[in-house]
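Keep the model open while reading.

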Amino acid sequence: MVTGVEIKGHVVHLEGVLSPRRFSHSLRVARTAVRMARRYGVSPSRAWMAGLYHDYCREWPPEELIALARHQGRDLSSREEKNPLLLHGWAAAQVLEDAGRICDPEVLRAVTYHVEGASSLEPLGQIIFAADYLEPGRPFHFRDETNLYLSKTLDGLYEWVDQSLRAYYKENGAIEKLTDFESASSLQE
Ligand SMILES: [Fe+2]
Ligand SMILES: [Fe+2]
């Protein structure tokens with residue numbers, strides 16, 4: 001459970017870390033995730049924390065993401081070497097845990113896997129993955145369908161978001177999901 005005072009502390013901290021546009025995106029993801037959590041029987045406070053902090057390291061330069069991975073002894077895939085931004089969810093979980101900001105392993109896993117999803121994601125992770133793309137500031141074709149989750153199971157929604165994104169990348173000739181998605185999105189600074 002996150003208290004009102006803690007909420008304020010987290011929001012103020014994050015505002016000092018991220019650019020205004022990404023900070024706003026993070027707030028929208030947190031709010032969207034809370035709505036989804038209530039719908040799907042997941043802890044709203046965990047959803048809020050994971051949504052708020054999911055892009056904590058999204059604005060790090062690629063060299064810093066690589067340096068953190070090397071420092072932590074993490075092996076990089078060839079895709080990650082080519083596109084270090086893929087590491088930003090993993091990096092956020094590391095940094096947030098080290099700083100004692102988030103200790104809940106489920107929240108940390110949701111932050112870690114929000115970038116590309118994973119085949120065995122827990123419900124909270126599925127919610128954060130979906131909320132990242134369904135939040136109302138996104139420019140995609142499904143932006144107007146944010147209430148769609150009311151008619152789907154969480155597994156169904158996760159699949160639907162994943163497939164919609166893949167179709168979008170294919171249509172737009174994307175090679176690396178993250179880079180192309182974000183360069184096409186309203187988050188581009
Ligand atoms: Fe992200
Ligand atoms: Fe995001």
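**Helix packing and the nonpolar core**

α8 and α9 pack with their axes 9 Å apart, at an angle of about 40°. The model is predicted.

**α8 against α9**

- The crossing of these two helices, α8 and α9, is left-handed.
- On the α8 side, the contact is made by Pro123, Gln126, Phe129, Ala130, Tyr133 and Leu134.
- On the α9 side, Leu154, Leu157, Tyr158, Val161 and Leu165 take part.
- The contact residues of α8 and α9 comprise 10 nonpolar, 1 polar and no charged.

**α7 against α8**

- The axes of α7 and α8 cross at roughly 35° and come within 8 Å.
- The crossing of α7 and α8 is right-handed.
- α7 contributes Glu106, Val107, Arg109 and Ala110 to the contact.
- α8 contributes Leu124, Gly125 and Ile128 to the contact with α7.
- By class, the residues of this α7 and α8 contact are 4 nonpolar, 1 polar and 2 charged.

**The largest nonpolar core**

- The largest nonpolar core has 44 residues.
- Which of them touch the most other members? They are Ala33, Ala47, Ala50, Tyr53, Val111, Ile127 and Ala130.
- At least two core residues come from each of α2 (20–40), α3 (44–53), α6 (88–98), α7 (105–112), α8 (123–134) and α9 (154–171).
- α8 gives the most to this core, with 8 residues.
- Nonpolar side chains tend to be buried together in soluble globular proteins.

**Ala50 within the core**

- Ala50 is among the core residues that touch the most other members.
- Beyond its neighbours within four places in sequence, Ala50 is in contact with Ala33, Val107, Ala110, Val111, Leu124 and Ile128.
- Two of these partners, Val107 and Ala110, also belong to the α7 side of the contact with α8.
- Leu124 and Ile128 belong to the α8 side of that contact.

**α6 and what follows**

- α6 is mostly covered, with 8 of its 11 residues buried.
- The buried residues of α6 are His88, Gly89, Trp90, Ala91, Ala92, Ala93, Gln94 and Leu96.
- Against which helices do the buried residues of α6 pack? They pack against α3, α4 (62–71) and α7.
- Gly100 follows α6, and its phi is positive, near 75°.

Conventions. Residues numbered from 1 in each chain as written. Chains lettered and ligands numbered in written order. Predicted model: local features only at pLDDT ≥ 70, side-chain atom pairs only at ≥ 80, totals over all residues. Core = buried A, V, L, I, M, F, W, Y, C linked by C-beta atoms within 7 Å. Buried ≥ 20, exposed ≤ 12 C-beta atoms within 10 Å, placed from the backbone. Helix = DSSP H or I, 4+ residues; strand = E, 2+ residues; numbered from the N terminus. Contact = placed C-beta atoms within 7 Å. Axes fitted to C-alpha atoms, helices over the stretch in contact; angles between N-to-C directions. Left-handed = near helix turned anticlockwise from the far one by under 90°. Nonpolar A, V, L, I, M, F, W, Y, C, P; charged D, E, K, R; others polar.
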